[in-house]
Amino acid sequence: MAGGALTAVALWLLSGLASPLPQRVRFALILAFAAAAVLRDLGLLRLPLPQNSWQIPQHVLQRGILSGPLRFGFELGTGVRTYVSATAPYLLAIALLAGGPGILPAVLAGAGFGLGRAATPFVRLSSPDPTTWDDLLRRRSRWLAAAATTAAAVAVTIALLT
Amino acid sequence: MTAQPAAHRLQGWSTDPLAPVAVLAAMAVAVAIAGVDPLTWAVVGGLAGYSLSGSV
C-alpha cells in the first residue's frame with residue numbers, strides 16, 4: 001500500500017503539468033487511452049508501453065525475516081520495479097496524471113493498487129490447491145487482464161462523464 | 001451431496017483467480033454510478049493492482 005501510495009503521490013504532483021490543458025481535452029485523452037487500453041488487453045491493438053523488463057531481485061526478500069518481505073512488498077506496490085503485464089495500471093497512471101483528482105483520491109488509488117497487488121498471494125493461499133490455482137491463473141491471465149482493464153475503463157468513464 | 005464437498009466447491013469458486021476481478025468490477029461500476037469519486041479511485045486502483053497477478 002505504501003509503495004502504491006508513493007507512486008500515486010508522485011503522479012499527482014506531476015499532474016500539475018497537465019493542468020494548463022482544458023479539462024475537456026484532458027478528459028478526452030483519458031477516455032481515448034481507456035478505449036486503447038481495453039483493445040490492447042483484448043489483443044486487438046499493438047501499443048508498446050514502457051516497463052521495467054526484469055523481476056525484483058530475490059536478494060531483496062532475503063534481507064531479513066521482516067524487512068525483506070516488507071521491502072519486497074513496497075517495491076512490488078510501487079508498480080515500477082517489475083513487469084507490467086496488463087494495461088490497467090497505465091490507465092490508472094494516465095487518469096491520475098490527466099484527471100488531477102486531488103491528493104486524497106490519488107493516495108486512495110495508490111493504496112488500492114497496493115491492496116490489489118497483495119490480494120494475489122492472499123487468494124492463492126486461500127484456494128484449496130495453490131498449484132492448481134497457479135495453472136488456472138496462467139490459463140486465464142489474458143482474460144483477467146482484459147476484464148480488469150475493461151472494468152477500470154468503464155468506471156473511469158462513468159466517473160468522468162457524470 | 002454432503003456439506004463438505006459443497007463447502008469445498010464454494011471455496012474453489014470464491015478463490016478462483018477471476019473472482020476478485022468480478023467483485024472489484026461490480027464495486028467499481030457501482031461506486032462510479034453512485035458518484036463516490038474517492039472510492040471509485042480506490043477500487044480502480046485495486047483492479048489495476050490485481051490485473052498484474054502473476055507478475056512479480
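Me: At what angle do helix H1 and helix H4 of chain A pack, and how far apart are their axes?

Reply: A word on the source comes before the answer: this is a predicted model, in which local features need pLDDT of at least 70 and side-chain atom pairs count only at pLDDT 80 or more, while totals for chains, interfaces and linings use all residues. Residues are numbered from 1 along each chain as its sequence is written, and chains are lettered from A and ligands numbered from 1 in the order in which they are written. Helix H1 (residues 2-14) and helix H4 (residues 67-78) of chain A pack at an angle of about 35°, with their axes 6 Å apart; the axes are lines fitted to C-alpha atoms, for helices over the stretch in contact, and angles run from 0 to 180 degrees between N-to-C directions.

Me: What is the handedness of the crossing of H1(A) and H4(A), and which residues of the two helices meet?

Reply: The crossing of H1(A) and H4(A) is right-handed, a term used if the near helix is turned clockwise from the far one by less than a right angle, whereas anticlockwise makes a crossing left-handed. On the H1(A) side are Ala2(A), Gly3(A), Gly4(A), Leu6(A) and Thr7(A), which meet Phe74(A), Glu75(A), Leu76(A), Gly77(A) and Thr78(A) in H4(A), where contact requires C-beta atoms, placed from the backbone, to lie within 7 Å. The residues of this contact divide into 4 nonpolar, 5 polar and 1 charged, with Ala, Val, Leu, Ile, Met, Phe, Trp, Tyr, Cys and Pro counted as nonpolar, Asp, Glu, Lys and Arg as charged, and the others, Gly among them, as polar.

Me: How many helices and strands does chain A have, and why is chain A called as compact as a globular protein of its length?

Reply: Chain A has 7 helices and 0 strands, these being DSSP runs numbered from the N terminus, with H or I of at least four residues for helices and E of at least two for strands. Its radius of gyration, 17 Å, is close to the 15 Å that the globule rule gives for 162 residues, so chain A is as compact as a globular protein of that length; the radius is taken over C-alpha atoms, and the rule is 2.2 Å times the number of residues to the power 0.38.

Me: What makes chain B, by the globule rule, either compact or spread out?

Reply: Chain B comes to 3 helices and 0 strands. For its 56 residues the globule rule gives 10 Å, and the radius of gyration of 15 Å is well over that, so chain B is more spread out than a compact globule. Along its principal axes the C-alpha trace of chain B spans about 45 × 30 × 10 Å.

Me: How do you know whether H7(A) and H3(B) are roughly parallel or roughly antiparallel?

Reply: Helix H7 (residues 130-161) of chain A and helix H3 (residues 37-50) of chain B pack at an angle of about 160°, with their axes 9 Å apart. Angles under 35 degrees count as roughly parallel, over 145 as roughly antiparallel, 65 to 115 as roughly perpendicular and the rest as oblique, and H7(A) and H3(B) are therefore roughly antiparallel to each other. The residues of their contact divide into 11 nonpolar, 1 polar and 1 charged, and H7(A) passes H3(B) in a left-handed crossing.

Me: How many residues does each chain bring to the contact between them?

Reply: The contact takes 35 residues from chain B and 49 residues from chain A. H3(B) gives the most to the side of chain B that touches chain A, with 13 residues.

Me: What makes Trp133(A) and Gln23(A) buried or exposed?

Reply: Trp133(A), in helix H7 of chain A, has 20 C-beta neighbours inside 10 Å and so counts as buried. Gln23(A), in helix H2 (residues 23-41) of chain A, has 12 such neighbours and so counts as exposed.
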